[in-house]
Amino acid sequence: NCAYYTEYGLDGLYHSLRVYTRPLTATGDPKLDEAPTWPVVTPQYAETAPDFAKPHVTEVKMHAGSPAVFLDGRVFPLCWGAVEQAARADKLPRHGGIPANAVSVYCYYNEWHPAEGKYDFAEFDRQAEQYARENPNAYFIWDLYLCPPPGWGKAHPDEMTTDDRGEIDSYVGRTHWSFASEKGLAELKDMVQQAVGYLEKSPYANRIIGYRLNSGHTTEWLWWEPKEGRENDFSKATKDGFRRFAAERYPELADATVPSAEERRALDGDGELLWDRIRHLKAVAYWDFVSTCVTHDVLEVCGEAKRVLGELGRTKIVGTYGGYTMFLNSTGHDQRRGHFALRKLLAENDGRVDFLMSPQSYGQRNLGDTCGDMKPFATLAAAGIMSVMEDDTRTHNRKWPMWLDYNQTHNPEQTRAVIARNGSVVLCHRSSPYFYSLCTGYDSDSPECAEVGRALRTVMDFRSARPGGRHAEIALVESEKSQTAVPGLAR
């Protein structure tokens with residue numbers, strides 16, 4: 001529902017403007033984003049590169065004290081790239097000179113799952129052809145955005161996220177199923193079964209070394225954002241689910257109705273920011289329920305992918321966004337996002353989730369900042385889950401709204417410095433980098449980015465050949481339970 005316009009200004013900088021082209025709707029069956037007009041490509045996929053001539057075994061195992069990707073038993077220094085190709089003038093998935101050895105392949109979910117019970121995977125074949133042409137030596141990590149198809153909201157209104165005024169939520173044309181909905185989860189698992197089953201029998205299956213399964217607001221498994229001044233979720237699915245959850249986990253809670261906006265924002269005493277847990281138990285239990293639902297859904301869809309792969313005799317990595325414990329703690333209203341049940345994911349994972357990823361912390365990515373991770377990466381490593389840090393360079397490689405307080409790099413030296421800082425933090429964390437040209441499709445497509453990207457890749461290869469573990473002496477410990485026991489402050 002938006003378009004980007006980029007021009008070269010008189011000040012020598014590239015400027016981009018986001019223009020919303022139509023209003024957002026709030027119905028049970030919202031209008032879908034219109035897919036762009038793609039270059040005409042006839043799928044004629046025939047694998048000729050020797051690296052993709054046979055099936056591969058891809059897994060995450062410990063290497064020098066940290067999880068790493070192994071390809072056919074050898075360390076694979078994952079340097080992952082992605083591009084918002086629809087934003088590019090040429091509509092091509094080009095990564096410039098970034099030396100990515102794996103790329104995300106993305107297809108609009110409503111193109112391959114246009115209606116309940118209906119699938120059409122022609123778009124998969126077209127994109128595989130296009131990505132292979134533009135990235136001939138890169139493996140694929142297939143990106144499946146999971147959302148019930150058009151028409152599902154009208155057919156199942158009780159399963160849709162609903163705000164405190166009784167309106168079904170809507171955002172950029174996605175079907176806002178409730179994360180508490182078992183019907184919604186069943187739909188997502190069917191999408192995984194059908195898509196992975198098709199892809200693993202395709203001519204390009206050997207290129208695919210893993211899957212990223214996404215859903216929710218911004219694709220990051222964040223519970224849907226309500227309209228300004230409102231709260232979610234008052235759907236029947238959530239009301240029933242919260243009642244069952246409270247009976248099992250909070251039997252002392254007498255009133256297990258979904259808390260109102262006022263109950264979520266209430267303060268103690270003279271504006272006291274720390275809650276009396278007993279007095280506000282309903283809201284505390286509800287925030288816990290929100291995160292528990294999201295984590296349950298993540299485990300289920302990733303587990304479904306692993307199940308399908310296992311039945312086909314394939315071993316590949318599966319993961320998603322998640323675990324934003326160290327970031328969703330500063331705004332006062334992000335308890336509703338659903339990222340505060342990481343302990344549940346780690347305890348119940350059982351090999352279903354191989355990696356978790358996040359962007360750099362928005363509060364620490366400006367010019368001169370230290371650049372932090374949203375996730376407790378050391379905790380993930382101890383549990384055998386690989387941490388991936390997304391470098392979405394939009395906040396410094398393009399003009400960004402000044403009210404967000406980000407600064408554009410003014411010269412090549414600053415661009416090199418920011419990319420090097422971001423990559424160095426990834427290396428020190430023994431994580432994997434993810435270069436994402438998110439806003440214009442050209443964000444990382446410059447000689448400066450390519451130069452630093454090649455240097456980082458060289459260090460990654462060296463690190464893999466001569467492993468040395470991390471030697472941190474200080475730990476920052478945070479309680480996710482504390483995050484679900486604070487009031488939702490004014491938005």
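Helices here are DSSP runs of H or I with at least four residues, strands are runs of E with at least two, and both are numbered from the N terminus. Residue numbers start from 1 along each chain as its sequence is written. What you have open is a predicted model, where local features need pLDDT of at least 70, side-chain atom pairs count only at pLDDT 80 or more, and totals for chains, interfaces and linings use all residues, while side-chain values use heavy atoms, with hydrogens and water left out.

**Stop 1: Arg 264**

Select Arg 264, which sits in helix H6 (residues 261-265). Is Arg 264 buried or exposed? Its relative accessibility is 1%, so Arg 264 counts as buried; the cut-offs are under 20% relative accessible area for buried, over 50% for exposed and partly exposed in between, with a 1.4 Å probe and protein chains only. Now show what touches Arg 264, taking a contact as heavy atoms within 4.5 Å. Beyond the neighbours within four places in sequence, the contacts of Arg 264 include Glu 231, Asp 233, Trp 275, Tyr 286, Trp 287 and Pro 487.

**Stop 2: the whole chain**

Zoom out. The chain carries twelve helices and 13 strands, and 58% of its 491 residues are buried. Of the contacts with a separation of 6 or more, 75% come from residues 24 or more positions apart.

Colour by pLDDT, the predictor's confidence in each residue, from 0 to 100. The chain average is 85, and 86% of the residues score at least 70. Then pick residues 1-34: pLDDT stays under 50 there, and the model has 78 contacts beyond four places in sequence for this stretch.

**Stop 3: strand S4 and its partners**

Select 66-71, which is strand S4. Six of the six residues of S4 are buried, so the strand is largely enclosed by the rest of the structure. In a regular strand the side chains alternate between the two faces of the sheet. On S4, Ser 66, Ala 68 and Phe 70 point one way, Pro 67, Val 69 and Leu 71 point the other way, and all are buried.

Val 60 has Val 69 in S4 as its bridge partner. The S3 and S4 hairpin has two residues between the strands, and Ala 64 takes a positive phi near 55° there.

Next comes strand S5 (residues 74-75), antiparallel to S4 over two bridges. Leu 71 has Arg 74 in S5 as its bridge partner. The hairpin of S4 and S5 also has two residues between the strands, and here Asp 72 takes a positive phi near 55°.

**Stop 4: the largest cavity**

Rolling a probe the size of a water molecule over the atoms shows where empty space is left. A cavity is a set of points, on a 1 Å grid over the protein atoms alone, where a 1.4 Å probe fits but cannot get out, and its lining residues have an atom within 4 Å of a point. Grid points are joined across faces, edges and corners, and a volume is the space filled by probe spheres set on the points.

How many cavities of 30 Å³ or more does a search of the whole structure find? The count is seven. The largest cavity holds about 140 Å³ of space. Its lining has 16 residues, with Pro 67, Ala 68, Val 75, Ser 432 and Arg 463 lying nearest the centre. Strand S4 and helix H11 (447-465) are the elements that give two or more residues to this lining, and S4 gives the most, with four.

**Stop 5: Thr 458**

Follow helix H11 to Thr 458. Thr 458 is exposed, with a relative accessible area of 53%.

**Stop 6: strand S12**

Finish on strand S12 (residues 386-392), where seven of the seven residues are buried, so S12 is largely enclosed by the rest of the structure. Met 386, Val 388, Glu 390 and Asp 392 point one way, and Ser 387, Met 389 and Asp 391 the other way. Strand S11 (residues 355-359) runs parallel to S12, joined by five bridges, and Met 357 has Val 388 as its bridge partner.

Note on methods
On a 1 Å grid over the protein atoms alone, a cavity is a set of points where a 1.4 Å probe fits but cannot get out, and a pocket is an open set with protein on both sides within 12 Å along at least five of seven lines; lining residues have an atom within 4 Å of a point. Two strands pair if DSSP finds at least two bridges between them.
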